[in-house]
Amino acid sequence: MENKSRKWLLIGIPYLWLFLFFLVPFIIVLKIALSDIAISIPPYTPQLDLFAGLGAIGDFFSKLDFENFKWLIDDTLYINSYLSSLKIASISTFLALCIGFPFAYGMAKAPESWRPLLLMLVILPFWTSFLIRVYAWIGILKTEGLLNQFLLWTGIINDPLVILNTNIAVYIGIVYSYLPFMILPIYSTLEKMDDSLIEAAVDLGCTKISAFWAVTVPLALPGIIAGCFLVFIPAVGEFVIPDLLGGSQTLMIGKTLWSEFFNNRDWPVASAVAIVLLLLLVVPIVLFQKMIERQQEAEAR
Amino acid sequence: MRRFSWFNATSLTFGFVFLYVPILLLIIYSFNDSKLVTVWGGFSTKWYGELMQNDAMLSAAWVTLQVAFFSATIAAVLGTMAAMVLVRSGRFKGRTLFSGMVYAPLVMPEVITGLSLLLLFISLDIGRGMFTVILAHTTFAMCYVAVVVSSRLVTFDRSLEEAALDLGASPLDAFFSVTLPIIAPAVIAGWLLAFTLSLDDLVIASFNTGPGATTLPIKIYSAVRLGVSPEINALSTILIAIVSVGVIVASLMDKRMAKTRG
């Protein structure tokens, strides 16, 4: 009996914490997204008093109002920022894969004694502040910045390139910040791979390149997919990178939510933006979670 | 003997250049005498001196350290408990919801986590300040701790704990004298991860902070929006140095522990 109550205490404490600080806030966001804007602090008219009992719930549903969502559809700013977030995240994920895969492959093929050091060198930038790493690129990409100084000095270009405050700078920033998330899962699948499989394919008449596509890539696929999720999901909702490296024409939904909240102080619309962003991410997040669970089950076996 | 081809060497070199050159340039230009960050004006440490005079920066740093310490510590406890639940408790009602709540914050966009917690604090009428930032950081950091600790718990040999129980230890005794010492490296790693995440966070802190609780990232962000400044380079260099030394020491310790364990 005592054992059982201890077990429920162990489950209960973290459960309650996550319930209160993770799940309940979402219900509140949903509630506010369905409220009208009012000039008061907090600037919304509450539409559901959680403590007013069951009667209030019926009342609440009859008064539900999707005005803020209609507003999101009517105003092209929001649609454009969603689409542009998806586009920027997809392109960045693809670029990260193009750089990350050869890198992870190189790491897996490096002499075994080097690998712990290489691994640490990949992880180290992740520990240093994200904000600082994004900041570092401002000085490099500015019109009078270090990259342009270098390119002008070597004579490759005659006029400085405008990179900062464009989408290109945002791609660079996202790839740079999330590259370790792409490299690590791919490396861990490639490292486990048995080289004799490639040798067998070559013995059976494959060229090295076709053996790579027929054997290595399919075996590395779980790592590739995990890496793509780990870059794509945070990139969609990214705020710091488009704000600091992007220009005024760079639309991303995280930035739109931020300015809706902090500049326009329109909380209901900010909440509606958050709900739609979440719906957009639910599919990749659920897929990703399923994949993690399957991997854990496979490892436990 | 495996061949290490020129292709692999090139992609590794290119990757490391890409990862490290921006950080190296940032560090080099923190010693620049010129106020113009991108024009080299000779070696100087004057920006470090000015940083030490900047009271607003120093107090922000102090707030940040406190927030990171408390949230990492609470997160380490809660995250370890969550990991025990995930690995040990088998099936119970609401398990799917629980594991969903543990993994979802890892991939949740920060703007949503920040906004939703702020709205919670407002509806509960909790005044915003250091306390709310600590609560917010604890919540997402505990999920990272849970992931790190549960990966260690999976490989844990339960017969050790059962032996302690057979010899008359209470479950709590068995946890503190057998389980905890074995999973300690993972708990410490989780604590360090939580500490760094808290130190680093701009978005969630911006939503949930109040008067008098400006953290360092918020301070850096508002300075960076005004443009590049050598003082920020100096501050960044100090932070990078602290973190690098910490990570290197931690990994050396880990290596030594792995050796003594055999």
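In chain B, B:V102, B:P105 and B:L106 of α4(B) meet B:T139, B:F140, B:C143, B:Y144, B:A146 and B:V147 of α6(B). Meeting here means contact: C-beta atoms, placed from the backbone, lie within 7 Å. Helices (H or I, at least four residues) and strands (E, at least two) are DSSP runs, numbered from the N terminus.

This is a predicted model: local features need pLDDT of at least 70, and side-chain atom pairs count only at pLDDT 80 or more, while totals for chains, interfaces and linings use all residues. Residues are numbered from 1 along each chain as its sequence is written, and chains are lettered from A and ligands numbered from 1 in the order in which they are written.

**The helix pair in chain B**

Helix α4 (residues 95-107) and helix α6 (residues 130-154) of chain B have axes that come within 8 Å and cross at roughly 110°. Axes are lines fitted to C-alpha atoms, for helices over the stretch in contact, with angles from 0 to 180 degrees between N-to-C directions. α4(B) and α6(B) are therefore roughly perpendicular, a word for angles of 65 to 115 degrees.

Ala, Val, Leu, Ile, Met, Phe, Trp, Tyr, Cys and Pro count as nonpolar, Asp, Glu, Lys and Arg as charged, and the others, Gly among them, as polar.

| Contact | Nonpolar | Polar | Charged |
|---|---|---|---|
| α4(B) with α6(B) | 8 residues | 1 residue | no residues |
| Side of domain 1 of chain B that touches domain 2 of chain B | 3 residues | 1 residue | no residues |

**Domains of chain B**

An automatic or database domain assignment sets the bounds. Chain B has domain 1 (54-216) and domain 2 (228-262). Their contact takes 4 residues from domain 1 of chain B and 5 residues from domain 2 of chain B. Helix α8 (residues 171-200) of chain B gives the largest share of the domain 1 side, 3 residues. The centres of the two domains, taken over C-alpha atoms, are 21 Å apart.

**Helix α1 of chain B**

Helix α1 (residues 6-28) of chain B has a kink of about 35° at B:Y20, shortly before the proline B:P22. The bend is the angle between axes fitted to the seven residues ending there and the seven starting there. B:P22 is one of the buried residues of α1(B), including also B:L19 and B:L25. Buried means 20 or more other C-beta atoms within 10 Å of the residue's own, these atoms being placed from the backbone.

**Chain A and its partner**

Chain A has 13 helices and 0 strands. Of its 301 residues, 43% count as buried. In chain A, 73 residues are in contact with 62 residues of chain B. Helix α1 (residues 2-33) of chain A supplies the largest share of that chain A side, 18 residues.

Terms used. Two residues are in contact if their C-beta atoms, placed from the backbone, lie within 7 Å. A residue is buried if 20 or more other C-beta atoms lie within 10 Å of its own, exposed if 12 or fewer, and partly exposed in between; C-beta atoms are placed from the backbone. Angles under 35 degrees count as roughly parallel, over 145 as roughly antiparallel, 65 to 115 as roughly perpendicular and the rest as oblique.
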